[in-house]
Amino acid sequence: MIVADLSGGKDSIAMGLRLLELGERVDAFVFVDTGLEFPEAYEAIERFQQVTGCDVEVVRAERTFEWFATQAEVQGKRKGTMRREKGYGWPSFAVRWCNGHLKRIPLRAWDLAHGEPTHLIGIAADEPKRIRHKPRVRYPLVEWGWKESDCLAYCRERGFFQGDFYDKHKRMGCFVCPLQSVSDARYLRDHRPALWGQIKRLEAAIGEPWKVCGTE
């Protein structure tokens with residue numbers, strides 16, 4: 001089984017569209033939804049289905065981000081490091097629990113239920129630090145030599161990402177991601193009041209301020 005992983009961002013959407021154009025075998029498209037994706041990601045997934053006629057299977061964790069942040073039992077060394085009785089708190093560069101609980105674990109469960117498929121991952125050719133050579137993993141954009149700018153241009157030619165998101169924000173991902181740059185966080189504060197309101201609500205629930213660890 002061959003699965004194309006879609007994040008809703010420009011690179012994975014470009015990969016999915018091009019795979020279909022080339023007539024390459026894809027048995028399923030999968031979107032791992034953390035519940036905190038940018039609206040543009042959800043819109044891109046919906047448009048992808050409309051344009052291609054292909055269904056995108058949505059994979060989610062059994063619990064929400066807020067539950068893990070505020071209610072999960074914290075034990076052992078991690079409990080001492082995080083100094084919390086319950087909940088992991090906000091994820092950080094050092095403790096990215098969100099990636100495991102909301103992405104890797106539910107996707108791993110999906111894989112086990114579908115016979116250990118090969119995954120096609122949309123990492124661009126100019127992102128070599130993100131590439132991990134593993135069994136049953138391919139990087140089509142790297143094979144094609146497509147850079148991030150190529151992916152964005154290709155998507156826009158096909159009616160995706162017509163707004164100014166990628167002109168003002170560097171990456172898609174989750175809008176609470178701690179790896180965002182300071183300028184990305186300012187973009188949220190200054191231009192996305194609904195998302196900023198969700199962050200402030202989560203701050204109150206978690207009892208800690210949200211922080212990013214990226215540079216300008």
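Student: Which residues of α9 are buried?
Tutor: This is a predicted model, and in it the buried residues of α9 are Asp-184, Ala-185, Tyr-187 and Leu-188.

Student: Where do those buried residues of α9 fall when you look down the axis?
Tutor: They fall within an arc of 150° as seen down the axis of α9, so they line one face of the helix.

Student: And what covers the buried residues of α9?
Tutor: The cover includes α8 and α10.

Student: Let me stay with α10 for a moment. At what angle do the axes of α9 and α10 cross?
Tutor: The axes of α9, which spans residues 182–191, and α10, which spans residues 193–206, cross at roughly 105° and come within 6 Å. The two helices are therefore roughly perpendicular to each other.

Student: Which residues make that contact?
Tutor: On the α9 side they are Ala-185, Leu-188, Arg-189 and His-191, and on the α10 side they are Pro-193, Leu-195, Trp-196 and Ile-199.

Student: Which residues of α1 and α2 meet?
Tutor: From α1 there are Ile-13, Gly-16, Leu-17 and Leu-20, and they meet Ala-44, Ile-45, Phe-48 and Thr-52 in α2. The residues of this contact of α1 with α2 divide into six nonpolar and two polar, with no charged ones.

Student: I also clicked on Gln-49. What does Gln-49 touch?
Tutor: Gln-49 has its place in helix α2, and, if residues up to four places away in sequence are not counted, Gln-49 touches Cys-54, Asp-55 and Val-56. Gln-49 counts as partly exposed, at 21% relative accessibility.

Student: What about Cys-151, how far away is its nearest cysteine sulfur?
Tutor: For Cys-151 the nearest cysteine sulfur also belongs to Cys-155, at 6.7 Å, and Cys-151 is in no disulfide. A pair of cysteine sulfur atoms has to be within 2.5 Å to count as a disulfide. Cys-151 is buried, with a relative accessible area of 0%.

Student: Which residues of α7 are buried?
Tutor: In α7, which covers residues 148–157, the buried residues are Cys-151, Leu-152, Tyr-154 and Cys-155. They cover an arc of only 165° around the axis, which puts them on the same side of α7. What covers these residues includes α1, α6 (residues 140–144) and α8 (residues 165–168).

Student: Which residue has a positive phi of about 55° although it is not a glycine?
Tutor: That is Glu-116, which lies in the loop between α5 and β4 and is partly exposed, with a relative accessible area of 28%. Arg-136 is also not a glycine and has a positive phi of about 60°. Arg-136 lies in the loop between β4 and β5, and is partly exposed at a relative accessible area of 43%.

Student: Last topic, then: is Pro-106 buried or exposed?
Tutor: Pro-106, which has its place in helix α5, counts as buried at 9% relative accessibility. Leaving aside its neighbours within four places in sequence, Pro-106 is in contact with Val-59, Arg-60, Ala-61, Gly-100 and His-101.

Student: And how far apart are the C-alpha atoms of Pro-106 and Pro-128?
Tutor: They are separated by 26 Å, with Pro-106 and Pro-128 lying 22 residues apart along the chain.

Conventions. Residues numbered from 1 in each chain as written. Predicted model: local features only at pLDDT ≥ 70, side-chain atom pairs only at ≥ 80, totals over all residues. Heavy atoms only, no water. Buried < 20%, exposed > 50% of the residue type's maximum accessible area, 1.4 Å probe, protein only. Helix = DSSP H or I, 4+ residues; strand = E, 2+ residues; numbered from the N terminus. Arc of directions from axis to C-beta. Contact = heavy atoms within 4.5 Å. Axes fitted to C-alpha atoms, helices over the stretch in contact; angles between N-to-C directions. Parallel < 35°, antiparallel > 145°, perpendicular 65-115°, else oblique. Nonpolar A, V, L, I, M, F, W, Y, C, P; charged D, E, K, R; others polar.
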